[in-house]
Amino acid sequence: MSALPQNLSDMPADDRPPLESQHWLDSRDLAKRFGRRHHNILASIDAISAQCPEAAGHIRFSSHQVTAGMGGRRSVRHALVDRVGFTLLAITLGTTQRHTVFELLMTFEDAPARSDPCPNFGMA
C-alpha cells in the first residue's frame, strides 16, 4: 500500500476532489472566527494530517503573499478544509466555542458549491 499524500497538491490532478464540488473553509477565516492565532490553527491542521493521513483529501494547503518588514514580500501558508477536515479541527478547539463550531458546520449544509474557495482573499 502506498503512502497517502500530505495535501492535495501532492495528489495526481485526476485524483483530487474539485474545489467547486464542495464548500471549503479557509484557516485564516477560522483563526479570526475563533480568536486564535493563525499559526496555531495551522499547527492543529498539521497535527491532524500527521495523525490521520486519511484526512489528506479533506485538507488543501496553499500560500499567499504578505508584506514583510521593510516593504518586502513573503509567502505565508494557509489551509482550506472541507466538512470532514473542519470536523477534525473542531475536536481540537475549546468546549466554550461549540456554538461557533455548530454555526460553521451548518454552513456546509446550506452552502452551494463555490468555484472560489477564498472569496475574502481574492484567490481562485
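Guide: One term is needed at the outset: a contact means heavy atoms within 4.5 Å. The model under discussion is a predicted one.

Visitor: Against which elements do the buried residues of H2 pack?

Guide: The buried residues of H2 are His38, Ile41, Leu42, Ile45, Ile48 and Ser49. They lie on the same side of H2, because they cover an arc of only 115 degrees around its axis. Their packing partners are helix H1 (27-34), strand S2 (59-67), strand S3 (73-81) and helix H3 (83-91).

Visitor: Which exposed residues are carried by the face of H2 turned away from its buried side?

Guide: Helix H2 covers residues 38-51 and spans 20 Å from its first C-alpha to its last, close to the 20 Å expected. To count as exposed, a residue needs a relative accessible area over 50%. On the face turned away from the buried side of H2, the exposed residues are Ala50 and Gln51.

Visitor: Why do the buried residues of H4 line one face of the helix?

Guide: Helix H4, residues 98-110, reaches 19 Å between its first and last C-alpha, close to the 18 Å expected. Its buried residues are Thr100, Val101, Leu104, Leu105 and Phe108. Seen down the axis of H4, they line one face because they fall within an arc of 135 degrees.

Visitor: Which elements pack against the buried residues of H4, and which exposed residues does the face turned away carry?

Guide: The buried residues of H4 pack against strand S1 (25-26), H1, S3 and H3. The face of H4 turned away from its buried side carries the exposed residues His99 and Asp110.

Visitor: How many bridges join S2 to S3?

Guide: S2 and S3 form a hairpin, with five residues between them. Within this pair, His64 stands opposite Val76 in S3. The two strands run antiparallel, and the number of bridges joining them is nine.

Visitor: Is Met70 buried or exposed?

Guide: Met70 lies in the loop between S2 and S3. Although Met70 is not a glycine, its phi is positive, at about 65 degrees. Because its relative accessibility is 89%, and exposed means over 50%, Met70 counts as exposed.

Visitor: Is Gln97 buried or exposed, and which residues does it contact beyond its neighbours within four places in sequence?

Guide: Gln97 is found in the loop between H3 and H4. Its relative accessible area is 18%, and buried means under 20%, so Gln97 is buried. Leaving aside neighbours within four places in sequence, Gln97 is in contact with Phe34 and Arg36.

Visitor: Which element of the protein chain has the highest mean pLDDT, and which the lowest?

Guide: The protein chain averages a pLDDT of 76, and 71% of the residues score at least 70. Among the elements, the lowest mean, 85, belongs to H4, and the highest, 94, to H2.

Visitor: Over which residues is the pLDDT below 50, or does it stay under 50?

Guide: One such stretch has 24 contacts in the model beyond near neighbours in sequence, and it covers residues 1-18. Another has 28 contacts beyond four places in sequence, and it covers residues 114-124.

Methods. Residues are numbered from 1 along each chain as its sequence is written. This is a predicted model: local features need pLDDT of at least 70, side-chain atom pairs count only at pLDDT 80 or more; totals for chains, interfaces and linings use all residues. Side-chain values use heavy atoms; hydrogens and water are left out. Helices (H or I, at least four residues) and strands (E, at least two) are DSSP runs, numbered from the N terminus. The expected span of a helix is 1.5 Å times one less than its number of residues. Buried means under 20% relative accessible area, exposed over 50%, partly exposed in between (1.4 Å probe, protein chains only). The arc is that of the directions from the helix axis to the C-beta atoms. pLDDT is the predictor's confidence in each residue, from 0 to 100. Two strands pair if DSSP finds at least two bridges between them.
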